[in-house]
Amino acid sequence: MSLRKKLIAGNWKMNKTAADGVALVADIVAAAGKQNDVEVVVCPPFTGLESAAAKLEGSTVKLGAQNMHPEASGAYTGEISAGMLRALFVSHVILGHSERRSYFHESDAFINQKVLAALKAQLKPILCVGETLAERESGSTLKVVQTQLEAGLEGVSKDLATNVVIAYEPVWAIGTGKVASTEQAQEVHAFIRSLLVKLFGDAIAQKVRILYGGSMKPANAPELLAQKDIDGGLIGGASLEARSFVELVTAAIAIK
Ligand code: PGA
């Protein structure tokens with residue numbers, strides 16, 4: 001029996017109006033909103049958080065955001081703070097997603113500020129790390145992942161480390177239909193776990209969830225989720241329909 005409860009998180013990205021999101025959440029809650037074997041998190045766009053929160057009330061499904069700004073308030077046009085998310089009953093926040101890193105030029109240092117601000121506000125960061133295809137082909141996968149992980153977690157105390165979730169998302173597998181092989185994924189997950197041991201000690205490292213992300217779907221999930229260090233999934237495309245998302249939750253329950 002693993003020390004770690006599996007976690008299935010849906011990253012809707014820039015999809016779903018608030019109304020569409022409510023319909024999706026209603027279906028997810030109906031199918032998976034009572035079980036407690038697996039932690040389920042949905043991450044709508046900011047505009048869908050409040051209405052999704054209302055629909056999730058009374059269920060075991062949790063609410064996540066896809067980004068936030070590290071400052072608590074101020075002149076940051078277009079940004080959202082941790083406190084604002086907390087006020088909408090958000091419990092998790094995806095940080096450092098590769099789309100934020102590449103399209104919005106987010107650096108490891110900036111992502112680290114967000115991680116620290118999220119933890120301070122009692123939000124659970126889902127810190128994303130992962131290599132591009134060029135980086136994999138040049139043999140630098142582990143180096144890239146190590147840099148992103150260590151920089152992203154700088155200054156995180158042992159006390160708060162178990163509130164962090166890591167998502168390993170090879171950039172070449174995101175939205176491409178190309179999933180990492182179970183061996184490729186497990187190798188990086190085990191490496192991430194070894195880095196967590198160095199940073200926080202073994203007892204804490206064994207409690208931190210490491211999710212896989214990148215074209216995870218019902219067909220490939222059972223094999224991925226059965227790997228020793230794969231503790232769940234961060235799901236993009238397959239989280240946009242209740243049926244496939246719930247199937248992933250079911251797959252995780254079957255393995256636990
Ligand atoms: P995907 O996205 O499942 O569509 O590949 C995963 C992610 O970007 O979090």
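This is a predicted model: local features need pLDDT of at least 70, side-chain atom pairs count only at pLDDT 80 or more; totals for chains, interfaces and linings use all residues.
Two strands count as paired if DSSP finds at least two bridges between them.

**The barrel and its first strands**

The model holds a closed barrel of 8 strands. Its order is E1-E2-E3-E4-E5-E6-E7-E8, and the pairing is parallel. From one strand to the next, the twist averages 25 degrees.

Strand E1 covers residues 7–11, and strand E2 covers residues 39–43. The two pair in the parallel sense over 5 bridges. Isoleucine 8 stands opposite valine 40 in E2. Asparagine 11 stands opposite cysteine 43 in E2.

How much of E1 is buried? The count is 5 of the 5 residues, so E1 is largely enclosed by the rest of the structure. In a regular strand, side chains alternate between the two faces of the sheet. In E1, both faces are covered. Leu7, Ala9 and Asn11 are buried on one side. Ile8 and Gly10 are buried on the other.

How many disulfides does the structure contain? A search of the whole structure finds 0. A disulfide would need two cysteine sulfur atoms within 2.5 Å. For cysteine 43, the closest cysteine sulfur is in cysteine 128, 9.4 Å away, and that is too far for a bond. Cysteine 128 is likewise in no disulfide, and the nearest cysteine sulfur to its own is that of cysteine 43.

Are these two cysteines buried or exposed? Cysteine 43 is buried, with a relative accessible area of 0%. Cysteine 128 is buried too, at 2%.

**The loop between E1 and H1**

Two lysines stand out here for their backbone angles. Lysine 13 lies in the loop between E1 and helix H1. Lysine 16 has its place in the loop between E1 and H1 as well. Lysine 13 has a positive phi although it is not a glycine. Lysine 16, also a residue other than glycine, has a positive phi. The table sets out the values.

| Residue | Phi | Relative accessible area |
|---|---|---|
| Lysine 13 | about 55 degrees | 21%, partly exposed |
| Lysine 16 | near 85 degrees | 30%, partly exposed |

Buried means under 20% relative accessible area. At 21%, lysine 13 therefore counts as partly exposed. Lysine 16, at 30%, is partly exposed.

**Helix H1**

Helix H1 spans residues 18–32. It has 15 residues. From its first C-alpha to its last, H1 reaches 20 Å. That is close to the 21 Å expected at 1.5 Å a residue.

Which residues of H1 are buried? They are Gly21, Leu24, Val25, Ile28 and Ala32. Seen down the axis of H1, these buried residues fall within an arc of 100 degrees, so they line one face of the helix. On the other side of H1, Ala19 and Ala30 are exposed.

What do the buried residues of H1 pack against? Their partners are E2, helix H2 (49–56) and helix H12 (242–255).

Terms used:
Residues are numbered from 1 along each chain as its sequence is written. Side-chain values use heavy atoms; hydrogens and water are left out. Helices (H or I, at least four residues) and strands (E, at least two) are DSSP runs, numbered from the N terminus. Axes are lines fitted to C-alpha atoms, for helices over the stretch in contact, and angles run from 0 to 180 degrees between N-to-C directions. Buried means under 20% relative accessible area, exposed over 50%, partly exposed in between (1.4 Å probe, protein chains only). The expected span of a helix is 1.5 Å times one less than its number of residues. The arc is that of the directions from the helix axis to the C-beta atoms. Contact means heavy atoms within 4.5 Å.
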